[in-house]
Amino acid sequence: MVASAPPSSSAPEAGGKTAQDQQAAHAWEDIGGKNTWETAVQEDADGRIIVSGGATRADMIRRRRKRQEQNDYAQRNRRVVRDMIRYIYVLIDASRWTRDKDPVLPGGTRIEVVLQLLQEFISEYYDQNPLSHLGFVILKDGEAEILTQLSSSSKTNKLALQSVAEITAREGPSGGGELSLQNGLEVAGRSLGHQPRHGSREILILCGALASTDPGHLLTETLPRLKAANIRVSALALAAEMHVCRKVAEETGGSLGVCLDKDHLRDWLFGQCVPPPSLKKKHQQFACEMIQMGFPARSTLDIPTLVHATQDIKLLARTAYTCPRCYAKVSELPMDCVVCGLKLVLAPHLARTFHHLFPVKPFQEVLPDENVEVKIGDRVVSSNASVEKWEQTKPKKTTEVDSSLRLSKDGDITTCFACLRLVGVPRPTNNPDKVGEPVLRYECPDCTNIFCEDCSAFLHETLHNCPGCLLC
């Protein structure tokens, strides 16, 4: 190999640019004799440190809403067929690749952050899918082990994740070994193959490794069996995307993501709580089926009696739920009767499940009105975030806000209908010379009521009802 001498700074290159011009084209090299941190790091109206050119709070909220609308098929204003009963295995990568700290995921190592978010995911999953089942599979040392079988008990899964956190803490960064993705899919696939066909069979992979050490060929051996069993596989890469994960997700109708930060990881996990549309192939093979369910009666005794906690565990309790078919007593609902297998539920469980079939329509963002100002005490705040632009437009309408209770009414677009919060105007700041970011406001397309950003998220993600539409 022959190394050529670099051209002189005055000699033009083939593109007509000198080496000096080419070097100046890089913004990170051309600092102009100034300290970049003086212009890159600034303070907002509340005195918080922000990066110049970074996303504001309003931009982050808009990006999150857009990402949720892309992942949530219910936000696309079209009817879809969903499986109300789901059977999901979560594959947790506990190999050596997840024992390191990641600046993208602060708060510990990757496995520690994942286990913390999975605790929140369990509560959200059972809240959104009361009739569904959840299980966990741990992947480490080239092997796959079922941590918890598919069940409707959130306590069992949370205790199992706590034990995993203790084991990984004792092993330290040197433990974990390699990842075997094929073994994990085989173990979860065999268990899902025995589940009823009226439910959705899914696998979620949380992968932090950059390679998979498999005993065979995953794409030619395991993937056809997953497709034949109508199992949907979705994967999230904590470090970088692996081709095998993308191939399996695309072939089985799942989704694939790459973790950007901790908030993105939480949003992706919580996005999996929404039941996805049924697979087209499964829809063609099987018709709708009737599922027998029982509504047990709650009984309280003065003397403790034996009740079924799980398939193998019994405990003494005074309060229990009696199966209407075999009169066996269980400790919690919803769950399958240990004796006769009847699915025991309550009416609120069915109501929460069917919320996914009739979701709240996405609210439309209402832009700030430059001709409206709000008077709070002695201060006059414009609906526009820019004071200079407000002085030029000279608002015509003034809305005075005092300490009395605000009531939303027709035509009032400066108050949230749900929480009576002031919206559409900049946030109040301690510095009267600075104007804060505007409080975003959204309008329901049916009842035309105005909601703030927090209430809009609560109505779509938790309540699944619009209070304005219920009152109409």
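Predicted model: local features only at pLDDT ≥ 70, side-chain atom pairs only at ≥ 80, totals over all residues.
Strand S3 spans residues 86-93. The strand is mostly covered, with eight of its eight residues buried. Burial extends to both faces of S3. On one side lie Arg 86, Ile 88, Val 90 and Ile 92, and on the other Tyr 87, Tyr 89, Leu 91 and Asp 93. Pairing links S3 to two other strands, S8 and S6. Strand S8, formed by residues 200-207, runs parallel to S3 and is joined to it by seven bridges. Within this pairing, Arg 86 has Ser 200 of S8 as its bridge partner. Strand S6, residues 133-140, also pairs with S3 in the parallel sense, over seven bridges. Here Val 90 stands opposite Phe 136 in S6.

A helix pair was examined next. Helix H4 comprises residues 110-128 and helix H5 residues 154-171. The axes of the two helices come within 10 Å and cross at roughly 180°. Angles over 145 degrees count as roughly antiparallel, and H4 is therefore roughly antiparallel to H5. On the H4 side, the contact involves Ile 111, Leu 115, Leu 118, Gln 119, Ile 122, Ser 123 and Tyr 126. These residues meet Ser 154, Asn 157, Lys 158, Leu 161, Gln 162, Val 164, Ala 165 and Thr 168 in H5. By residue class, the contact of H4 with H5 divides into eight nonpolar, six polar and one charged. In general, an α-helix has 3.6 residues a turn, so residues three or four places apart point the same way.

Leu 344 belongs to strand S16, which covers residues 343-344. Because its relative accessibility is 0%, Leu 344 counts as buried; the cut-off for burial is under 20%. When residues up to four places away in sequence are not counted, Leu 344 touches Gly 294, Pro 296, Cys 323, Pro 324, Val 330, Leu 333, Pro 334, Met 335 and Cys 337.

Helix H13 consists of residues 453-463. Its buried residues are Glu 453, Cys 455, Ser 456, Leu 459 and His 460. The helix is followed by His 464, which has a positive phi, near 60°.

Methods: Residues numbered from 1 in each chain as written. Heavy atoms only, no water. Buried < 20%, exposed > 50% of the residue type's maximum accessible area, 1.4 Å probe, protein only. Helix = DSSP H or I, 4+ residues; strand = E, 2+ residues; numbered from the N terminus. Axes fitted to C-alpha atoms, helices over the stretch in contact; angles between N-to-C directions. Parallel < 35°, antiparallel > 145°, perpendicular 65-115°, else oblique. Contact = heavy atoms within 4.5 Å. Nonpolar A, V, L, I, M, F, W, Y, C, P; charged D, E, K, R; others polar. Pairing = 2+ DSSP bridges.
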